[in-house]
Amino acid sequence: MRTRRSNYPNNSNVTIPRRRRRQVSNIVEPEIRTIVAPMAERTMEELLRAPTEGYGEAIVLPEINADHFEIKTNLLQLVQANPFYGRENDNPHAHINSFKRITSTLRFRNVPNDVIKLMMFPYSLEGAAKTWYEKEPPNSILTWEDLVTKFVNQFFPPSKTTHLKNEISRFTQKFKETFSEAWERFKELLRACPHHGFTELTQVDTFYNGLNENEQDSLNAVASGNLLSKMTREALNIIENKSKVRYLRNRSNASRMNATSSKTDEIIDKLADQLSTLVEIVSKKVATPAPVKAVEESCVTCGGAHSWYNCLATDNNLASVCATTGTDKCLITHIFYL
């Protein structure tokens with residue numbers, strides 16, 4: 001019988017390979033568990049205590065790689081001097097522009113300007129605007145663009161944009177409104193909706209067609225014929241210059257009227273003083289009227305200071321009176337008595 005060893009020659013240096021056993025790993029992966037203290041092991045004070053989670057800021061500030069960086073109190077007061085309340089007539093675009101003008105003057109080494117704006121913007125809010133910011137979810141605003149987008153969408157919804165664009169497109173000069181006043185009101189409508197989308201050509205055409213006929217003729221005369229025949233930029237310059245000239249003329253007229261009215265007031269005051277002096281002089285010269293004497297009664301019978309019907313001589317007898325005074329006089333007295 002041949003064995004496995006017989007396959008190899010004697011004194012052979014060949015190593016016989018051994019069969020390896022498969023090793024089974026006995027490592028058990030740890031199980032991650034969250035250890036929560038059961039309610040039975042917590043006191044009533046701990047159970048009734050208000051939670052402290054969920055009070056994070058809506059704005060996430062990036063890491064600042066600057067030493068000794070802080071916002072000074074006077075800068076915060078400057079931002080708080082003109083806050084945004086979120087009322088119906090408040091314009092968020094105007095607030096953003098004003099806020100950017102203030103923060104653009106701040107320069108700190110190794111601190112981006114957007115970080116400064118993110119840090120200071122909450123201090124510029126009051127009223128409904130502050131309430132809106134406090135209700136924003138924590139860590140929901142990551143960049144300055146995110147903040148501007150949320151802020152504008154909250155306080156300048158699409159419905160307001162549509163309303164203001166309709167106000168611009170339907171612009172009409174009011175009754176007794178001057179050219180300068182109409183132009184300023186039209187520009188105010190454009191500023192109230194900076195994303196109106198109207199080109200300069202549309203703006204000139206809308207304003208021109210909204211003027212009354214007299215102002216249109218006056219504007220065409222300034223443009224040497226027809227305003228719409230000019231280039232858009234040239235037409236805007238003509239409108240702006242015409243409004244400034246009319247404004248200066250109105251100011252000069254107003255100052256002239258004020259000067260005239262002041263002189264008139266002085267003349268009226270002098271006349272009033274003279275009139276009061278004359279009244280005083282006349283009142284001193286007027287004599288006191290003499291008192292009116294009362295009419296004394298006289299008896300027709302005896303001539304005493306009493307009436308005939310109280311005379312003792314006649315004993316209130318009308319016949320005796322007639323016998324004493326005569327027939328005619330008695331008749332008159334009798335008629336008066338009746």
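Start by selecting aspartate 114: at 32% relative accessibility it is partly exposed (buried means under 20% relative accessible area, exposed over 50%, partly exposed in between, with a 1.4 Å probe and protein chains only). Keep in mind that this is a predicted model, where local features need pLDDT of at least 70, side-chain atom pairs count only at pLDDT 80 or more, and totals for chains, interfaces and linings use all residues. Residues are numbered from 1 along each chain as its sequence is written, and side-chain values use heavy atoms, with hydrogens and water left out.

Aspartate 114 makes a salt bridge with lysine 117, with the closest N and O atoms 3.1 Å apart (a salt bridge is a side-chain nitrogen of Lys or Arg within 4 Å of a carboxyl oxygen of Asp or Glu). Both residues sit in helix 4 (residues 113-120), three residues apart, about one turn of the helix (helices are DSSP runs of H or I, at least four residues, numbered from the N terminus). Lysine 117 counts as buried, at 8% relative accessibility. The structure holds nine salt bridges, so let's look at some others.

Jump to helix 8 (residues 179-192), where you'll find lysine 187 and glutamate 184 three residues apart. Their salt bridge has its closest N and O atoms at 3.3 Å. Lysine 187 is buried at 18%, while glutamate 184 is partly exposed at 38%.

Arginine 191 is partly exposed at 47%, and so is glutamate 188 at 44%.

Next, the rings. A search of the whole structure finds 15 aromatic pairs (rings of Phe, Tyr and Trp, using its six-membered ring, pair if their centres lie within 6.5 Å; planes under 30 degrees apart count as stacked, over 60 as edge-to-face and the rest as tilted). Select phenylalanine 99 and phenylalanine 121: they pair edge-to-face, 5.2 Å centre to centre, with 90° between the planes. Phenylalanine 99 is in helix 3 (residues 92-103) and phenylalanine 121 in the loop between helix 4 and helix 5 (128-135), so the pair ties together parts 22 residues apart in sequence. Both phenylalanine 99 and phenylalanine 121 are buried.

To finish, show Phe84, Phe99, Phe121, Trp132, Trp144, Phe151 and Phe155 together, and you have one aromatic cluster.

Notes. Helices (H or I, at least four residues) and strands (E, at least two) are DSSP runs, numbered from the N terminus.
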